[in-house]
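This note is for a colleague opening the file for the first time. Please keep the sequence and the model side by side while reading.

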Amino acid sequence: MCFVFLAICLILFICLYKLNENYFVLCFCKRVRTIDGSKLEDKVCVVPGKVPMFGNNFDLIDMTPETIFHYSRNHYRYAKGKHYLLYFLFTAVYSINNAEDAAELFQSTTILEKSVLYKYVEPFLGEGLLISSDRKWFSRRKLLTPAFHFNVLQTFNDIFKEESLKLLKKLQHLQKDEIEINDIVTEFTLNNVIETALGVKLDDMKGSAQYRHTIHDIEEVILERIYNPLMYYDFVFRLFGRYKKHKEDLKIASNFSSKIIQKKREEYRKKKEMEKQQDNEVDDFGKKKRYAMLDTLLDEESKGNIDHEGICDEVNTFMFEGYDTTSTCLIFTILNLALHPDVQKKCREEIANIGDFSSLTVFDFNKLEYLECVLKETLRLYPSVPFIARTCVAETRINGLILPTNSQINVHVYDIMRDPRHFPNPTEFKPERFTPENSVDRHPFAFVPFSAGSRNCIGQKFAILEMKAVLVALLSNFEILPVTKLEDLIFEYGIILRTKQKIYAKLKKIEK
Ligand code: HEM
């Protein structure tokens, strides 16, 4: 009897041992293998968790946005800059942190599906361009590409300049000595994104203050869910999260944009009828016609290529992607300019030669090469989107590995752009790295703040133009003096890179 029991135990043990070779049993997921059958650890760094037999599951206990930032940096150091692997409940997470390993992913035409992390933004963005996949993504990308064409940017340029002047006026009347940069910048970028997307001025709209708050609150809840793995499960979020408030906020945001879309749809129909008779360069009030992304979408709706829900998703995506990303980059650029008076002086010298602000064209802004180097160097050190993430919808071969279906891939853009092999003394702020002569031999995927490949950022030219406009306005009127110190900042890692503290600077009027 005892012998039979021992034999069963032994068989069970052998079966479990065999099973564990292919499945990480205590993580309930399949293991990653190598294509050539060699030992996994020779190909990729497998990072042990706090309790290694449970993979990395216990690492996540008590995680905060701040500790997640350090968690990722520690792995980078542990893996000595090589790609690495983590195992969580139900999934392996493969992380890439150098340009060479990122090449295969960026060039892939199959690993395009966004990661499970984007599930949190789905209630807000629906199937908008950022998270859609397959044919839907392809057709939407094709449909939206003309909305970012050079000619369109020229009409957006007027909006950016108008909003920059409005901001200047506000700053000139501010009595405060120290300015909270986050506040002024986010107001500016939200105004721009609303006007370029919907063709209305947010400040002129009823309920604009409530809308600003709502957008802010929606993002806060999304972040809360990202940082707390338990909140991934909808039932936990419903029971213990801010589900009710989030649902109400989503409704407010959706009603706000929906109403504008309805109104614009009516205008679009009337205009289409009138267009047959009159010059379409001028609108009813004799002003030069302004373009909004919504015009493209309504045009496509009339051809049956998108419906109302699709339009709402794209408008919200445009706002989500175009608002926080540029705000973050602008905040860090202003901080860098404050901390580097020599760089600031050089920018001002370059700006001095381009002419009167209100007459500046996209061509004029394109000539500001040094200012562009400053923006690029800021994005290199503080990428607004610090990592991008994909999901493997099928078993996936990449960099000599076979990732099981549902594995997640994280590309840590933050680490890629701090690689000393491509950017010597990587923590130093040196805009000169991006002059054409200093960029010649750089690896094509060493600088990827806008991602790369077919799912790269559709709004990158929009963002650079918008940021240049406001920086020109600021630098020609104010000297930016430092208040916040870099060493005091606590970084938080998420869909967007943030700091725990607000960033402050002093603005000293330049007497002309
Ligand atoms: C400094 C500013 C910006 C940065 C650093 C940035 C960065 C990125 C990155 C890294 C991605 C890829 C995300 C991923 O693969 O998960 C992305 C995608 C995207 N961005 Fe941007 N972005 C910026 C500004 C903008 C602006 C201003 C807009 C629109 C007005 C925009 C619209 C989008 C859209 C729609 C996508 C999805 C594209 C697709 O999947 O086809 N972005 N952006």
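The points below go through the basis of the model, the ligand shell, the cores, the strands and some single residues.

1. Basis. This is a predicted model, in which local features need pLDDT of at least 70 and side-chain atom pairs count only at pLDDT 80 or more, while totals for chains, interfaces and linings use all residues. Residues are numbered from 1 along each chain as its sequence is written.

2. Ligand shell. The ligand is surrounded by 24 residues, and the closest are Glu321, Gly322, Thr325, Cys457 and Gly459. A residue is near the molecule here if its C-beta atom, placed from the backbone, lies within 6 Å of it. Two helices, H13 (308-339) and H19 (460-477), are the elements that give two or more residues to this shell. Helices are DSSP runs of H or I with at least four residues, strands are runs of E with at least two, and both are numbered from the N terminus. Helix H13 gives the most, with 7 residues.

3. Shell composition. By class, the shell has 13 nonpolar, 7 polar and 4 charged residues. In this count Ala, Val, Leu, Ile, Met, Phe, Trp, Tyr, Cys and Pro are nonpolar, Asp, Glu, Lys and Arg are charged, and the others, Gly among them, are polar.

4. Nonpolar cores. The largest nonpolar core holds 76 residues, and Ala197 and Val413 have the most contacts inside it. H13 supplies the largest share of this core, 6 residues. A second, separate core of 49 residues includes Phe69, Leu381, Tyr382 and Ala469. A core is a set of buried Ala, Val, Leu, Ile, Met, Phe, Trp, Tyr and Cys residues joined through C-beta atoms within 7 Å. A residue is buried if 20 or more other C-beta atoms lie within 10 Å of its own, exposed if 12 or fewer, and partly exposed in between, with C-beta atoms placed from the backbone.

5. Around Ala197 and H12. Leaving out residues up to four places away in sequence, alanine 197 touches Ala292, Met293, Leu294, Val315, Phe318 and Met319. Two residues are in contact if their C-beta atoms, placed from the backbone, lie within 7 Å. Met293 and Leu294 are also among the buried residues of helix H12 (residues 293-302), together with Thr296, Leu297, Leu298 and Glu300. These buried residues pack against helix H6 (134-144), helix H8 (181-198), H11 and H13. Just after H12, glycine 304 has a positive phi of about 80°.

6. Strand S6. Which residues of this strand point which way? Thr91, Val93 and Ser95 point one way from S6, Ala92, Tyr94 and Ile96 point the other way, and all are buried. Tyrosine 84 has serine 95 in S6 as its bridge partner. The two strands form a hairpin with 2 residues between them, and phenylalanine 90 in the turn has a positive phi of about 70°. S6 is also joined to strand S11 (residues 408-411) by 4 bridges, and these strands run parallel. Isoleucine 96 has valine 411 in S11 as its bridge partner.

7. Two open sheets. S7 and strand S15 (residues 504-509) are joined by 3 bridges, and glutamate 178 has lysine 506 in S15 as its bridge partner.

8. Positive phi in loops. Most residues other than glycine have a negative phi. Lysine 80, in the loop between helix H3 (65-78) and strand S5 (84-88), has a positive phi near 50°. Asparagine 425 lies in the loop between helix H17 (413-416) and helix H18 (436-439), and its phi is positive, near 45°. Lysine 80 is exposed because 8 other C-beta atoms lie within 10 Å. Asparagine 425 counts as exposed because it has 9 C-beta neighbours inside 10 Å.

Key
Two strands pair if DSSP finds at least two bridges between them.
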